[in-house]
There are 2 protein chains.
Amino acid sequence: METLTVTVDKEFGSAMGALFHQIITDMKVGAPLWEDFLSKASKLHTALKSTLSVIAAYLDAFQKIADSATNAKGATKDIGTVLTRICLRHKAVEARLKTFTSALMECLVLPLHDKLEEWKKMVVNLDKEHSKEYKKVRADIKKRTAEAQRWQKKAKKIRSGMAGGNAGMMGQNPNGNASGGANDRQLNAANQELLRAADAAQIDLNSRLALLQETEKQALKSALVEERSRYCLFVACLKPVMSEEMSMMAELSHLEEIITQLDKHTADPFSLPSSTEQMISELKGTTDH
Amino acid sequence: METLTVTVDKEFGSAMGALFHQIITDMKVGAPLWEDFLSKASKLHTALKSTLSVIAAYLDAFQKIADSATNAKGATKDIGTVLTRICLRHKAVEARLKTFTSALMECLVLPLHDKLEEWKKMVVNLDKEHSKEYKKVRADIKKRTAEAQRWQKKAKKIRSGMAGGNAGMMGQNPNGNASGGANDRQLNAANQELLRAADAAQIDLNSRLALLQETEKQALKSALVEERSRYCLFVACLKPVMSEEMSMMAELSHLEEIITQLDKHTADPFSLPSSTEQMISELKGTTDH
């Protein structure tokens, strides 16, 4: 039974405890990554905001071209109409880009930024709590291990005393009744009490060790959940931002049909639409009689 | 027949000629619109270029978050894998935005910019050529009109002389043979020659007027085609730019499926994946016997 005590002390440190510490370290190392990400996202927000005003000016200039085609007295009304549709579609995309830009700040940067300090404290706390608890239980276990070892020594002496009378029994469980009536009579009542106490100490130690394992498992789970929940929060913050991207895409998808229409209108730039040819004939007609 | 000469002079100016001048004016007025558009498109190009470098930095920071989730010893590998997919998808979008930004400059701004001077010269030329031709033909017509009018006066005198002998014939076509043999004999050979010359002058004038109409029609058509071909060129330049937008959209469309996957993974941030629960049990198992 001594072997278990040693194993626990070593394997514990190298398995669950080691993983716990690894996760704590991962989270500590992760902090500057989050800060860097939020700083870059902030810069993206700023860049997009200034791009948005440039896009607005671009689309206004585009609309003026479309208007000039639509309002021209000549043969460009059909092209102007489609250019206006393209412009309106891009204004819808621009509006989505605006909400995307806001979402980047409101839904991603600000909420995560608020969490960073909390996260740092949380890791320190998890680590401290775990250390405190672990040290306390370890100290207790150490004390009880020493105690159990003292009892084991005494029990060993009794058993080696017994071994003088019955060499064949050496090393066998002293509680065993298989050794028969003659050996039983060799152990007086005090010795029997002592052996029972030694066993009780070992059982008590074992249950403490099991408790320590359970405590370590809970600490490990808390660390795992803490770490995972951070990425889950990140995803939750990212979702409204990506949802705006999806909407932007939906607005753009209408362009396809408009482009096809434009292709048809502008297939031959050097021939006039039939409506224009008709108009010219009518104009000529007014002076033809 | 005099009425036609007057009508042409007036209606010509108010119909085809007026439209020609309107289109020339539209094109002249349009020049600053194109300049403004190209300047705004240039600014958009610059803004997008600087946004692109910010996006690259943002995606790098994003990838580091994804990597930290993937490489963590804890329970975040599944989330990390999906975050990496999101990041890769956005890097594809970034690449498309890069070609979009290049296309804006290479396919739209530069080619149109090269055309602006040519366009200005073209309008001036069209206008000048039309004026020159119109003035020349008009001067010719004026001369021939005066000539025809002189012949008409002489013809009128002859006819009024004839009217003394036959009042009922006044105003009738002098070529008409219905007036009978007695009146024919009143016109001597010289008078008949004069009337024939007067008619020839009018016919010649009419064919010159028809030619002027045809010339005006051709000038109008040239102006219409010139105007329309500008918008067609604009569309042709716009198409590769919009095509990049479409590709960007196609890259984004893959996001939808990834988001669904991410939703599944992060539905409950406080429960660990079953693989992690399994790993914990195994870790605990190594010290449980």
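A: Between them, chain B and chain A bury about 7,800 Å², and carbon and sulfur atoms account for 75% of it. Buried area here is the accessible area, found with a 1.4 Å probe, that two parts lose on being put together, summed over both. Three residues, B:Y58, B:R228 and B:Y231, supply 10% of the area that chain B buries against chain A, more than any other three residues.

The model is predicted: local features need pLDDT of at least 70, side-chain atom pairs count only at pLDDT 80 or more, and totals for chains, interfaces and linings use all residues. Residues are numbered from 1 along each chain as its sequence is written, chains are lettered from A in the order in which they are written, and side-chain values use heavy atoms, with hydrogens and water left out.

In terms of contact (heavy atoms within 4.5 Å), 86 residues of chain B meet 86 residues of chain A. The interface also holds 6 salt bridges, each being a side-chain nitrogen of Lys or Arg within 4 Å of a carboxyl oxygen of Asp or Glu. One of them joins B:E277 to A:K221, with the closest N and O atoms 3.2 Å apart. Residue pairs in polar contact, both at pLDDT 80 or more, number 19 between chain B and chain A. A polar contact is a pair of N or O atoms within 3.5 Å; within protein, one must be able to donate a hydrogen and the other to accept it, and residues adjacent in sequence count only if both atoms are side-chain atoms.

Several elements of chain B give two or more residues to the side that touches chain A, among them helix 1 (2-14), helix 3 (77-165) and helix 5 (189-253). Helix 2 of chain B gives the most, with 26 residues. Helices (H or I, at least four residues) and strands (E, at least two) are DSSP runs, numbered from the N terminus. By class, this side of chain B has 50 nonpolar, 16 polar and 20 charged residues. Ala, Val, Leu, Ile, Met, Phe, Trp, Tyr, Cys and Pro count as nonpolar, Asp, Glu, Lys and Arg as charged, and the others, Gly among them, as polar.

Of its 289 residues, 43% count as buried, that is, under 20% relative accessible area, with exposed meaning over 50% and partly exposed in between (1.4 Å probe, protein chains only).
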